[in-house]
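User: Hey, I'm new to this one. Can you walk me through it?

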Amino acid sequence: MQHYWRVWLAAACLKVLLFPSYFSTDFDVHRTWLSITHTRNASEWYADEPLQNQWTLDYPPLFAMYEAILSKIAARVDPKIVEESERDYASLACIRFQRATVIITELASLGTAVRAATAGDAKSALAFAGSGALLLVDHVHFQYNGLLLGLLVYALFMLRRGDHVKAGALFALLCCAKHLFLTLAPVLAAVFGAAHVRPRQDFVKAFLELAGASLAALALGLAPLFIPAWRAGRLGNAMTELAGRLFPFDARGLVHSYWAPNVWALYVFADRVLLKVLRRSAGAGATPAVSYQTSAPYLYGDTFDACGC
């Protein structure tokens, strides 16, 4: 067990050396989220403001609450970190603070989860603490995947040991922290059904146990936004704003990284091909009768979108 934490601490020391390294715009994104959650009432976290920074909050409320907690500490480290403005800010204190939060939360979440799942196996610690992907994405590029993956690992660990209801609840909380994990929901739903519902004679009760715990966790994860919004009398607006930020079909678009090696790359390719077909069918120099905003305005600007998205 001692060797397990020694591996994590050694990896953490290496990551501290990366503090001065390059960071991406995601660093500015999270710094801006610190300022948003610190200066605004929680009911307006997802609202648009006239002079807001371009990096608007687009993670679910549970992660926004995490940023709000960090912002309390950040305000003592450097008050300018939590000043909401149109400009980005990256002082030395700001860089050190944000980098340190990634390391500490990775140790607390992923380190603890892997320890529980592997009984403190040092080789497993090396696999996770020494992950090149996490090193580059979290500790250079700048994100909090270690924190979130820790929740996923622990949910899978509980699922493996038979605590299906707790696993379902934790996964629901995870989706309230980063909605990208919703893509795992169909697979896990099938696993929960096969492991918890189908084997039992009282399968209706088993299903209600899972559904009830997951819905309760979902409500808990959305509470940091919905309770203040309800008190402020703008619950409907807050729900609309949250949906627009998490699923920006008519604004930013679902696609804003043309290099992403996944199905969205195929979608963008099909979109461009169909666009040319539509224009040719309308005739040379003609304008199609119906215009659409492109599915990826960050890449192409406003164009005619053949897919109509």
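User: Let's start with C175. Is that residue buried or exposed?
Analyst: Keep in mind that this is a predicted model. In it, C175 is buried, with a relative accessible area of 10%.

User: Which cysteine sulfur is closest to the one in C175?
Analyst: That would be the sulfur of C176, 7.1 Å away, which is too far for a bond.

User: How many disulfides turn up in the whole structure?
Analyst: The search finds 0 disulfides.

User: And C13, buried or exposed?
Analyst: C13 counts as exposed, at 52% relative accessibility.

User: New topic: helix 9. Which of its residues are buried?
Analyst: Helix 9 covers residues 185-197, and L188, F192, H196 and V197 are buried there.

User: Where do those buried residues sit when you look down the axis of helix 9?
Analyst: They fall within an arc of 110°, so they line one face of the helix. As a general point, an α-helix has 3.6 residues a turn, so residues three or four places apart point the same way.

User: What do the buried residues of helix 9 pack against?
Analyst: Three helices: helix 7 (145-160), helix 8 (164-175) and helix 10 (203-231).

User: Which exposed residues are on the face turned away from the buried side of helix 9?
Analyst: P186, V187 and A190 are the exposed residues carried there.

User: Where is H179?
Analyst: H179 is in the loop between helix 8 and helix 9. Despite the loop position, H179 is buried, with a relative accessible area of 18%.

User: What does H179 touch?
Analyst: Leaving out residues up to four places away in sequence, H179 touches D58, P60, L246 and F247. For L246 there's also a polar detail: its backbone oxygen lies 3.1 Å from a polar atom of the H179 side chain.

User: Where is A119 found?
Analyst: A119 is in the loop between helix 4 (92-118) and helix 5 (122-129). A119 is exposed, with a relative accessible area of 64%.

User: What about the phi of F142?
Analyst: F142 also has a positive phi, about 100°, although it is not a glycine. F142 belongs to helix 6 (residues 132-142).

User: And is F142 buried or exposed?
Analyst: F142 is buried, with a relative accessible area of 0%.

Definitions and conventions. Residues numbered from 1 in each chain as written. Predicted model: local features only at pLDDT ≥ 70, side-chain atom pairs only at ≥ 80, totals over all residues. Heavy atoms only, no water. Helix = DSSP H or I, 4+ residues; strand = E, 2+ residues; numbered from the N terminus. Buried < 20%, exposed > 50% of the residue type's maximum accessible area, 1.4 Å probe, protein only. Arc of directions from axis to C-beta. Contact = heavy atoms within 4.5 Å. Polar contact = N/O pair within 3.5 Å; in protein donor to acceptor, adjacent residues only side chain to side chain. Disulfide = S-S within 2.5 Å.
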